[in-house]
Amino acid sequence: MPPGITIAADAPELSAANTGFMLICSALVMLMTPGLAFFYGGMVRVKSTLNMLMMSFISLGIVTILWVLYGFSVAFGTDHGSLFGWEGDYVGLSGLGINQLWDGYTIPVYVFAVFQLMFAVITPALISGALADRVKFTAWALFIALWATIVYFPVAHWVWGTGGWAFELGVIDFAGGTAVHINAGAAALGVILVIGKRVGFKKDPMRPHSLPLVMLGAALLWFGWFGFNAGSWLGNDDGVGALMFVNTQVATAAAMLAWLLYEKLRHGACTTLGAASGAVAGLVAITPSGGSCSPLGAIAIGAIAGVLCAMAVGLKFRFGYDDSLDVVGVHLVGGIAGSILVGFFATGGGQSKAQGLFYGGGLDQLWKQLAGVGAVLAYSLIASAVLALLIDKTIGMRVSEDDEVAGIDQVEHAETAYDFSGAGGGRAPRTAAVPAPGADGADGADGADGGAQDTAQVQRNKKVDA
Amino acid sequence: MKLITAVVKPHRLDEIKEALQAFGVHGLTVTEASGYGRQRGHTEVYRGAEYTVDLVPKIRIEVLVDDDDAEQLIEVVVKAARTGKIGDGKVWSVPVDTAVRVRTGERGPDAL
C-alpha cells in the first residue's frame, strides 16, 4: 500500500471514478482465486482435481467471513505495538457509514475493505498447491482459518497498516510481494516439512492431467492481476496505477520468455507448463516492485525472476521436500526476487521517493527490503509449521495412504472430476453396493475408478426408476 | 484362413485402408492400441522434470483372408504402413480354424 496521500487543508472527497475503478479491481482480484484453482487443478492428477479446486475455493468462504468479523480490524485497525491492529468500528464492518472514506483517500472504507479482502482470500489459497493430493479437507479448512488469523492478518498490518513496523521502516511492498507471496511460499514450506511427501514422490510419474486447464488458470490470474497491482494505488489520480499496469504486463511477458528460453536451452523444448509458470513467476516478482521501477526495470525484474524460478522448481527433487506444484519455487522465490530487486531498481519517481542501488540510492532501500523479506519469511515459516503440527496432532492433517492412492476426490468430496465410463462403449449396469471409500486396500487406484463408475451408475439407475 | 494383424502408426491408417480396398479386402477391424517396440516411447518434460512415456499410441488392424492371399496381403500392408522411421510397427499372421458370418451362418472362406 502506498503511504497516505494527505491533501493538506482540503479533506478528500469521494471520487466516483476512483470508487468505480476500485470496485472493478476488487472483482478482478476475486477472479484470481478461481483462476488459481484452475491453474493448480490442471497440474494435479485426475484423481485429485476436485480437491485442488476446492482447496482454493473454500478460501472464498472462510476468509471472507473472518475478514468481515475481525480480519480487517486486525490488519488495518489502530496499531498496537507495530504488530497488529484493532478497531472496534471495523469489527463486523458494523461501525462504518457508507460514505465514510478510507484514511486520506477518495474511496469508501467498504471499498478498501473489500479490495483487501480479496488479497486475504487468495493468499492462503496459494499455499494449497504445495499440499496437493494428501491433506484432509477439514484439516485444510481449519488451517486456513487459523493461518489467516495468526499469520496473514498481522503480516498485512506489518506491511500495509499505518503503524506496522515494516510500513514505518519504509519496506516497499506495493501489492503483496512479502505479505502475499513470500508469506504464502514460506507457509507452504513450513507445512510440507510437517506433513511430508506424497505417496510415490520421485517414484511415480505425477504428470499434470490437463495443461489447457493450467493455461486457462494462468490466463485468469494474469487478467486478475491487473486489479491486484494497478488497484493497489487505491485510485487513478496521478498515473502510478497506470505505471503499475504497464509494468505488470511487461514483467510478465519477460518472465514467460525467460522461462521458455531457459527451458529450450536446458531441456530442449518450450513447454506449455513453462509458459504458464513463467507468466506467474513474472506476476509474482513485479507485485512488490512494479510501483517503483520503470518499464525497462520491470523487464529486467521479470526476466531475472523467470530464470530464477525455472531453476528453483527443481530444488524439491534435489532436497527431497515435496512441494507438489512448486509454491516455494514460484511464489517464495519469485516474491523474494521481486522484493529484493526493488532495492536495485526503484527509480524514486513512482510509488515511493526511495531510490534503489542502480538509481543512486545506495544500500539504504536494499537492507530495508531484506529486513522485510527475512522477517515475513521466518515468521510465516515457523508459525505455519507450528499450526500444521498442532492440527496434525489433533484431528490429523493427512488422509490415509490407501485413500491417497485411491484418490482424494472421492474420499474427501464424494465426487470425481470426470466420467470416463463412456469411453469404449460403456459398461453393463452394475448395481452392487458402492464400496466404502478406501476399502480397496492396495488395489486402490483401480478400486477408485470402479467405485466411481458404480456410484454414477447407481445414480443413473435411480433417475430411471424415478 | 489366416488372421493378419498389423500394429502400426495411427497416421498410416488411411493409406492402409485404401491399399486393402484396392486389393479387394471386404472388411477389417481397427482398434486403438498402445505399446512400444525398440524405440521405447518418448520423454516429456514438466517444469524440468522428465517423464519417460513407454507406451505410445498405435493402431491395430485385423483382417481375415484366404491362405492363398495371406502373403501378398502382408506385403500390401507393410508397403502402405512403412515410413522408414523407427516405430513403424509390425505385421504378423496366424492360422484360423473357423470363421462364421453371424447373419447367414456361412462358414469358412464363404464367411470372409
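Buried area is the accessible area (1.4 Å probe) that two parts lose on being put together, summed over both. Keep that in mind for the interface below.

This is a predicted model: local features need pLDDT of at least 70, side-chain atom pairs count only at pLDDT 80 or more, and totals for chains, interfaces and linings use all residues. Residues are numbered from 1 along each chain as its sequence is written, chains are lettered from A and ligands numbered from 1 in the order in which they are written, and side-chain values use heavy atoms, with hydrogens and water left out.

Now show both chains. Nine residues of chain B are in contact (heavy atoms within 4.5 Å) with 18 residues of chain A. About 1,100 Å² is buried between the two chains, and carbon and sulfur atoms give 61% of that. Pick B:Tyr46, B:Arg47 and B:Tyr51: they supply 69% of the area that chain B buries against chain A, more than any other three residues.

Zoom in on B:Arg47. It forms a salt bridge (a side-chain nitrogen of Lys or Arg within 4 Å of a carboxyl oxygen of Asp or Glu) with A:Asp326. The closest N and O atoms are 2.9 Å apart. Across the interface of chain B and chain A, the rule finds two salt bridges.

Finish on β3 (42-46) and β4 (49-53) of chain B, the elements that give two or more residues to the side touching chain A.

Conventions. Helix = DSSP H or I, 4+ residues; strand = E, 2+ residues; numbered from the N terminus.
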